[in-house]
Every structure is written in C-alpha cells, then in structure tokens.
Amino acid sequence: MSLSAFPAVLFDLDETLAHSAVGWDAANREAALLAIGINLTESEMAQTVHIPLQRILEAREVSCQDVAQVIATRDRILPAHLREHAIWADGAEELLERLRSLRKSLALVTNSHDVAFSAIDAKLNIKNYFPSIVLAGHFGRRMKPDPFPIKVAQEVLQATDAQTVLVGDNHNDEQAAKNARVSFIFTPGHRTPQEMMERHVVHHTMRSLLASL
C-alpha cells in the first residue's frame, strides 16, 4: 500500500515518526521508584505501549492517591527524558517533506498529552510539518483505539474515510483506524507486540513509504 493513494495522511508519533520509548520508559520507571518505592518489571514496562501507567499501578492495588503521586512525578521528569532520548525515525523527515511537496493533507494523531508532545517538539520541531495536531491524551477514554481522535483530524482536514490513512505502530493505532473506517499502514516500532509483527506480512518503514511515492 502506498501513501500516494491517499489525499489525507495521519501519523502516530511515538515509535512511528519518532523513537521515544526509551524516554517514556525511563520516566515511568523513575517516577514509580521515587514516588512510592515500586520497581516496575520488564513485563509491566512492555505493557505501557498500550495500557496507561495508571492501570498498571492499579493492577498492583496501588491506592488512587499514590497513583496520582506517581503520575505527577512522571509528568514532572518526563520532558527532560524525552528531550534527551527522542530522535526521528530513519527517513521520517524526508518522508514528511515529500508528502508536503505533493500537497498531501497531514495530521498528527497521538495519545500523548501536551507535556510529552511539547518536549519532543522542542527537540524535533514536529509542528513544522503538521498544520493539524490532535493530542488525544486529553480525551480520557476517547483516546485511540477510540476513533474519535481520527475523526477530529478528518474534520479539520475535510477528508472522507476513503481518502484517509493512518500510519502507526501498535494495536491502538490499528484498532482506531478500523473503528474509524480508514485505511491503516503498519510501521513497527521498538515496542510493537510480537503478535502484531507476526500477523502483518508487510512491515513498512519511513524509508519504504518514501520509496513508494
């Protein structure tokens, strides 16, 4: 599948356009330890790609007050970790430049909130490429895989379902695209579940998407 077939191209951010998992992991782990003395396991860290940290802590029967303390600590230290670790995925900038030259309508649809996005943007200047940015982290339970963030982007871009594709790396992206009835292109990231890797025959990269234009 080529992006050339779609007038409107939506991108996920974390582990799609930019590699940021190392920064998120460091902030989550450090916050749990600093705030309430809990060491998150590797299994728990792997789950944070599709399950909010709050729910992982709640599964440990951590009190609501302590969960709030961890999240507040995480959000305080997160920007520094993201500014240190976030990098563009190989070929991402070139792909965005090419899509812009082809006059594609571009939007960023991410489950991040403004604290995380602002830190990544400060380093990578994401806003330079996207006239429309949907920070679904502020939508509560209406984050991806709910279709609502995609529909918000489509409304801004005035794009129909048939005209729209979402490029993403995980189950939330795939299910959100399905729920919104738009096309989906899979680009594995550092934390993509193995089941998803095995199920998708075609694994795109920013470079392969660029080459297909």
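## A parallel sheet and its helices

Strand E4 (residues 105-110) pairs with E5 in the parallel sense, over 4 bridges; two strands count as paired if DSSP finds at least two bridges between them. Val 109 stands opposite Val 134 in E5. Strands (E, at least two residues) and helices (H or I, at least four) are DSSP runs numbered from the N terminus.

This is a predicted model, where local features need pLDDT of at least 70, side-chain atom pairs count only at pLDDT 80 or more, and totals for chains, interfaces and linings use all residues. Residues are numbered from 1 along each chain as its sequence is written, and side-chain values use heavy atoms, leaving out hydrogens and water.

Zooming out, E4 and E5 belong to an open sheet of 5 strands with parallel pairing, in the order E5-E4-E1-E6-E7. Strand E5 (132-135) and strand E7 (183-186) are the edges, each pairing on one side only. From one strand to the next, the twist averages 20°.

Two helices pack on this sheet. Contact means heavy atoms within 4.5 Å; angles run from 0 to 180 degrees between N-to-C directions, with axes fitted to C-alpha atoms (for helices, over the stretch in contact).

| H5 (residues 92-101) | E1 (8-11), E4 | about 160° with E1 |

Just after H6, Asn 125 takes a positive phi of about 60°.
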